Structure formats: structure tokens, C-alpha cells
Amino acid sequence: MRAKEYIACSEASLKHPDQIRQIVDEMLPLRASRQQTVDYYNRKLIADIRLQACLLQKELYEKNNAMQTAEPEEFQMREGEIPVEIAAAVRDELFDVIKDDKTFGYLYFLLGNLRNSQRPTNPIDCVPDERGIVEALKTSRDDYPKSDLAAYLDDDINFAQYQDLTDAGIADEAKLLSWFNNAYRIYDQMRLVKSNPIAAVRVFLDDSSYESQAAKDLTGRFICEIISRTAAEDKRLTRIEEELNRHLPEEASLDGADETAADKAKGSNKIRTAVIYEILNKLGKGKSFNDLSKICNLVAYLTGGSPRKIYNEAQKGIQFTDYHKKELSEVNKILSDLSLGIELKKDKEY
């Protein structure tokens with residue numbers, strides 16, 4: 001479980017929730033750096049240990065011990081440091097919060113090492129796996145906001161979304177960066193209440209940071225894509241995906257204003273693609289004869305859609321739901337009037 005989700009689920013049982021939440025929030029942008037984590041730990045979390053060291057130095061000095069010949073400085077709290085009285089308790093609680101979140105591997109090492117020194121009979125294996133931390137940061141998808149668009153693009157899902165956005169005419173890097181930061185902020189907030197899919201989707205629906213409904217729908221589609229491709233084993237997130245899909249149009253685009261009734265009458269790309277499949281099958285030139293990407297290029301040319309998006313959808317296999325019931329009835333009427341002997345079926349995969 002991610003540390004932020006642990007806090008959201010267990011906040012009522014935490015003894016120091018304000019301090020824990022603040023530490024986790026401040027640590028989020030530091031997780032990839034061993035040195036920045038060490039610096040933060042020393043600056044923020046060890047006031048009691050520093051006090052003990054100071055008192056020991058003072059005692060040695062007063063006894064004229066050769067190990068402490070210089071008079072030690074008086075102990076002083078550092079700005080923002082966790083108070084001496086609760087520092088140990090906060091560290092213990094923090095350890096439980098982050099122990100299953102691999103993105104905090106460096107902090108886990110520092111806290112685990114301290115525990116091992118205090119409880120040597122039951123040591124914790126806490127050696128940080130640097131590669132594992134980097135991978136965990138990628139898969140957790142909560143390393144935001146970023147200050148550089150390129151930092152988002154070393155990722156297949158993000159890069160495909162970037163191409164869709166630029167295809168739609170968004171070329172300004174500042175706008176693209178803002179779009180990704182916003183999308184990941186919303187996705188993260190949704191996951192904090194993932195035990196309740198209705199509440200999670202409400203986070204998305206109630207967000208008012210979008211320029212248009214089309215932009216909002218595109219973000220919703222992006223979040224569904226992330227869940228589908230990276231979190232299919234998480235039943236809570238797949239429920240959120242299913243619930244969110246119920247509130248989104250079949251397709252979302254930034255190519256202009258929201259779809260008009262005339263646009264919608266033209267049909268969704270799933271329907272269009274399936275119709276072209278069936279027509280090609282009639283000609284003996286379907287998927288068994290032609291490469292899928294070539295067929296999708298034809299669909300894109302005839303419909304004005306994105307070849308890449310159409311191909312990605314087709315590659316997964318096209319399936320219809322109750323959402324398509326009316327459109328299937330309309331297109332089947334058109335096909336029947338042409339006497340093509342073609343009928344699209346709701347329960348068939350194309």
C-alpha cells in the first residue's frame with residue numbers, strides 16, 4: 001500500500017497524523033535521491049538522538065574525558081524539526097506508514113537501520129534497492145507535479161497521450177505539462193478513496209480545473225487507460241474504472257468544442273471500425289488477409305480519427321456494451337437497407 005493511501009485509510013488510528021502527513025508530503029519529491037532523503041532525515045526526524053549525543057558530549061567534557069576536550073555547543077532545536085518529546089514515536093509510526101511503499105526505500109533504510117541498532121536480536125532487512133526504488137516510482141504514478149514535460153515522456157502511456165494531445169493541436173509545453181500534472185493529481189486523489197468507487201469518481205466529476213468538458217473527458221479516458229494497463233489486478237481500481245466509464249462519452253477529443261448532435265450521429269470509432277472489418281471480410285480482404293494496422297489506417301482516413309488510437313483500440317479486440325445498443329440498431333438498419341448481408345452483434349468481439 002502506498003504511504004498516502006495508508007494515511008487516508010488509517011488516519012483515525014494514527015497518534016501523530018499531522019506530523020506524519022507533513023513528513024510524507026515533504027518527502028514525496030525527495031524519494032529518488034538517497035542524499036536528499038538523508039539530509040531530510042537528519043534535519044527533521046532525530047532531535048531526540050541529537051539531544052542524547054549533546055548530553056553525552058557535555059558529560060564527557062565535564063569529566064575531563066580525553067574524548068571530549070572542547071566544550072560542546074548547547075543543544076538547539078532546528079526550524080521545523082519534530083519535537084524531542086515525540087520524535088521517537090513519530091519515527092515508529094512513520095516506519096509503519098512507509099514500510100510497504102517501495103518508493104520510500106531510502107527512508108525505510110534509515111528508519112530500519114535505527115531499529116536494528118536498538119533491537120539487534122530481530123534485525124530488519126532494509127538495504128535499499130536503488131533500481132527497485134526507481135521502478136516503484138514509475139509504477140506508483142504519484143511522482144508529481146513535475147517541472148519538466150520531458151520527465152513525463154519516458155513512459156509509453158504518457159508518451160501516447162502526449163502524441164494525442166499534440167495531434168489535437170496543443171503544442172505549448174507549459175500547457176502540456178500542466179495537463180499531465182493535473183491528470184496525475186486527480187488520479188492520485190481518486191486512489192485515496194478507492195475503497196468507495198462512487199466517492200472516487202465524484203472526485204473527478206467535482207473537479208473544476210478544466211478549460212472545457214472535452215478536456216475533462218479526455219482526462220477521464222487517460223485515467224481509465226492507466227488503470228486498465230497498470231492496475232488490472234487491483235479490484236478496487238478496476239471498479240473505479242468501470243464506474244468512471246459510465247460517466248464518459250465513448251470517445252473524447254480536444255479537436256474542438258464538445259461533440260455536437262450531428263457529430264455523434266456519425267457513430268463511434270468502435271462501430272465504424274467494426275463496419276469496415278465486416279465490409280472487408282465480405283471482400284475477402286479482412287484481418288486474415290490484411291495487416292491490422294493497414295485496416296486501421298483506412299478507418300482513420302475515412303473517419304478522420306487518429307490511426308494510433310484506432311489501432312490501440314482494435315488491437316485489444318472491439319467489444320460492445322449497453323452504451324452502444326442504440327447505435328448498433330441504427331447502423332444495422334443502414335446496413336440492412338443496403339442489402340450487404342452484414343449485421344453487427346453486441347455479444348461478438350471484432
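1. The structure holds 0 disulfides, a disulfide being a pair of cysteine sulfur atoms within 2.5 Å. The model is predicted: local features need pLDDT of at least 70 and side-chain atom pairs pLDDT 80 or more, while totals for chains, interfaces and linings use all residues. Residues are numbered from 1 along each chain as its sequence is written, and side-chain values use heavy atoms, without hydrogens and water.

2. Cys 9 is exposed, at 51% relative accessible area, whereas Cys 54 is buried, at 13%. Buried means under 20%, exposed over 50% and partly exposed in between (1.4 Å probe, protein chains only).

3. The second largest pocket has a volume of about 480 Å³. A pocket is an open set of points on a 1 Å grid over the protein atoms alone, where a 1.4 Å probe fits, with protein on both sides within 12 Å along at least five of seven lines; lining residues have an atom within 4 Å of a point. The volume is the space filled by probe spheres set on the points, which are joined across faces, edges and corners.

4. Of the 20 residues lining this pocket, Arg 2, Thr 139, Ser 140, Arg 191 and Glu 233 lie nearest its centre. Two or more lining residues come from each of α7 (130-140) and α9 (173-191), and α7 gives the most, with 4. Helices are DSSP runs (H or I, at least four residues), numbered from the N terminus.

5. Gln 161 belongs to helix α8 (residues 156-167) and is buried, with a relative accessible area of 8%. Beyond its neighbours within four places in sequence, Gln 161 is in contact (heavy atoms within 4.5 Å) with Trp 179, Phe 180, Leu 218 and Phe 222.
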